[in-house]
Amino acid sequence: MAGRPTIKEVSKIAGVSFKTVSRVLNNEKHVSDETRRRVEEVVAQLNFRPSHAARTLAGRRSFQVALLYDNPSPYYVFHIQSGALERCHELGYRLLMQPIDSAAPDLVPDVLALVDEAHLDGLILSPPLTEMPELLEALDKRKLPYVRIAPGLRKDHGLATTMDDVAAAREITRHLLQLGHRKIAFVRGPESHVSSADRLAGYRQELEAHGIAFDPALVIAGDYSFASGGAAARALFGHTPRPTAIFAGNDDMAAGALAAAHEADIAVPDAMSIAGFDDSDLARAVWPPLTTIRQPVRELAYAAADLMLSGNAVTPQVMLEHELMVRATTGPAPKS
């Protein structure tokens with residue numbers, strides 16, 4: 001068949017109307033499974049790609065959404081991008097990736113300008129943008145569809161995909177306690193991320209459940225970056241007695257702590273255990289590989305795009321499960 005296939009050719013071969021083909025391409029309801037299957041087979045056979053311009057004119061939609069993010073971890077950002085991008089591609093939407101400075105005073109007008117200039121049909125928000133009431137209120141006022149990945153505040157507000165950070169932090173703290181550690185330090189993330197507070201809360205709750213008093217001196221502030229994890233670990237190395245384990249609020253900080261331990265000739269895990277959170281690619285790239293919590297970042301982003309765009313949402317909030325990944329950076333507490 002010469003030239004680029006058209007929707008007319010798809011409808012003719014499939015034996016359905018233009019409107020039915022359009023409904024299938026836009027993943028709309030009121031199409032039988034058999035009709036949908038027949039149209040999709042013809043689309044695949046012809047390698048048909050609908051014109052975004054034509055779809056926009058027909059439905060007054062741009063078929064473009066944007067993913068907004070502000071996170072220092074390149075691994076986290078990569079996985080939310082890839083998850084959201086895959087589902088948007090499957091549903092026929094283009095995804096714009098937009099870094100945002102969440103501390104900028106003109107954040108809200110900048111986001112609204114992006115919406116207008118790109119004629120966006122919706123937004124996917126990742127932390128800490130999910131925690132900003134002024135942004136959410138502006139989007140609600142505009143009646144612009146959006147979905148939040150891992151919101152810490154107003155979790156029942158609108159569409160969201162999330163996991164239980166408190167329970168996950170409790171599980172990894174419990175793992176360290178079961179190895180005999182009693183002096184466990186915690187490197188927290190930035191205050192702008194509610195996940196930082198939730199992971200700290202889980203750490204505290206599990207210590208107290210085991211009758212161990214919370215020691216604020218063992219909590220060091222970080223910012224989810226590799227450098228801050230190293231700085232926090234070096235500060236903790238100076239404590240007397242030194243902690244036998246460090247639980248960092250993400251893998252980047254845990255990797256920084258691990259590098260600092262290598263520099264200080266502190267054997268991991270024989271002299272000190274180190275654990276992270278996320279199960280990013282970095283967790284398997286460092287040596288020894290990190291014990292961590294597998295946060296389903298890619299799946300959260302994929303589910304977020306699906307929740308907003310597919311029209312198949314059963315519930316406005318989707319909770320995904322975490323998993324403890326025990327590797328080589330945690331071991332029995334050293335004997336005193």
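Four strands build an open sheet in the order 7-6-8-9, with parallel pairing. Its edge strands are strand 7 (219–221) and strand 9 (273–275), each pairing on one side only. This is a predicted model: local features need pLDDT of at least 70, side-chain atom pairs count only at pLDDT 80 or more, and totals for chains, interfaces and linings use all residues. Residues are numbered from 1 along each chain as its sequence is written, and side-chain values use heavy atoms, leaving out hydrogens and water.

**Sheet**
- Strands (E, at least two residues) and helices (H or I, at least four) are DSSP runs, numbered from the N terminus.
- Two strands pair if DSSP finds at least two bridges between them.
- Strand 8 (residues 245–248) runs parallel to strand 9, and three bridges join them.
- Ile 246 stands opposite Ile 274 in strand 9.

**Helix on the sheet**
- Helix 8 (residues 165–178) packs on the sheet and touches strand 6 (184–188), strand 8 and strand 9 (contact: heavy atoms within 4.5 Å).
- The direction of helix 8 makes about 170° with that of strand 8 (axes are lines fitted to C-alpha atoms, for helices over the stretch in contact; angles run from 0 to 180 degrees between N-to-C directions).

**Helix pair**
- Helix 6 (residues 107–118) and helix 7 (residues 133–142) have axes that come within 9 Å and cross at roughly 35°.
- Helix 6 contributes Leu 107, Val 108, Val 111, Leu 112, Val 115 and Asp 116 to the contact.
- Helix 7 contributes Glu 134, Leu 135, Ala 138, Leu 139 and Arg 142.
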